[in-house]
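Please read each one with the structure in view.

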Amino acid sequence: MKSDLRIRKWCSVVFATLGFFLLNSFKLNNGQGLPPDYQIRTIVIDAGHGGKDTGAAGRRSLEKNVALEVALKLGKQIQKDIPGIKIIYTRTTDEFVELYKRIRLANANKADLFISIHCNSSGASAHGTETLVSGSHRLGQQDAAVRENASLLLESNYKENYQGFDPKDPESAIIFSLMKNRFREKSIRLAQMIEGEYVKAGRYSRGFWEKGLAVLAEAGMPAVLTEIGFISNREEESYLLSDEGQQEIVDNLVSALKIYKNSVER
């Protein structure tokens, strides 16, 4: 009997989530892919974490502060180097913004790109960059997803905002596996270009990954989350805190955006 109830519950989650995904895909994109005259006009820049959600902690800094500094500099540099681009920030101060509000802000403004800035954390020797795109969970590649999605637990009404998703319920992983990004191919292309620019600057790239991140799950545009370095590594933390390091990261991202823009616009 318990087995039958579990199966029925699982099936209801699958069909409800699939229906939600299909409905919102049409709502967000009118059931179409990129239009023939596609142009990148609006970019949403998301500084990860904020307020009570501090993110990872280094010896001298917090992820939320480093992410905000880089995000604000990135927006200014894009407007300077790529004229005609409208920049929207998910936050410009040290405030807590729910994950679902970040991507829905991008959807509501019909953004053409969504870029989330984060710092990585692991052992003291871990180093390098990596860029994530929305995708299904994969064994052995869930560390970042688990850490970033933990922010949901700070939201009082997370079950309502994320269609019943419960980070503590294994069955809820099905939601992320079904809510795949319509713009997966272009998200991957941008992620590869970002990592390529990091490498050109002499950084070590850990590659790009597909992971089930809540902040990207409902994206109605190409969307990436880039981990700009390990705040847990003393040397990389110094780099992330320096003006030179932050400017190099910004330059890498802007260069990747220029290349991406030229490759997709028509």
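1. Two residues are said to be in contact, or to touch, when heavy atoms of one lie within 4.5 Å of heavy atoms of the other. The model under review is predicted. Leaving aside residues up to four places away in sequence, Ile78 touches Ile43, Ile45, Ile85, Ile87, Val254 and Leu257.

2. Ile78 also belongs to the largest nonpolar core, which holds 39 residues. Together with Ile43, Ile117 and Ile228, Ile78 touches the most other members of that core. Two or more residues each are given to this core by strands E1 (42-47), E3 (113-120) and E6 (223-230), and by helices H2 (63-81), H7 (184-200) and H10 (243-264). The largest share, eight residues, is that of H10.

3. Is Glu236 buried or exposed? Glu236 is buried, because its relative accessible area is 10%, and a residue counts as buried under 20%. Glu236 is part of helix H9 (residues 234-241). Residues up to four places away in sequence aside, its contacts are His127, Gly128, Arg203, Gly229 and Phe230.

4. Arg203, one of the residues that Glu236 touches, lies over the face of Tyr198, at 6.0 Å from the ring centre. In another such arrangement, the charged end of Lys52 sits over the ring of Phe96, 4.7 Å from the centre of that ring.

5. As for pairs of aromatic rings, a search of the whole structure finds zero.

Terms used
Residues are numbered from 1 along each chain as its sequence is written. This is a predicted model: local features need pLDDT of at least 70, side-chain atom pairs count only at pLDDT 80 or more; totals for chains, interfaces and linings use all residues. Side-chain values use heavy atoms; hydrogens and water are left out. Rings of Phe, Tyr and Trp (its six-membered ring) pair if their centres lie within 6.5 Å; planes under 30 degrees apart count as stacked, over 60 as edge-to-face and the rest as tilted. A charge sits over a ring if NZ of Lys or CZ of Arg is within 6 Å of the ring centre and within 35 degrees of the ring normal. Helices (H or I, at least four residues) and strands (E, at least two) are DSSP runs, numbered from the N terminus. Buried means under 20% relative accessible area, exposed over 50%, partly exposed in between (1.4 Å probe, protein chains only). A nonpolar core is a set of buried Ala, Val, Leu, Ile, Met, Phe, Trp, Tyr and Cys residues joined through side-chain atoms within 4.5 Å.
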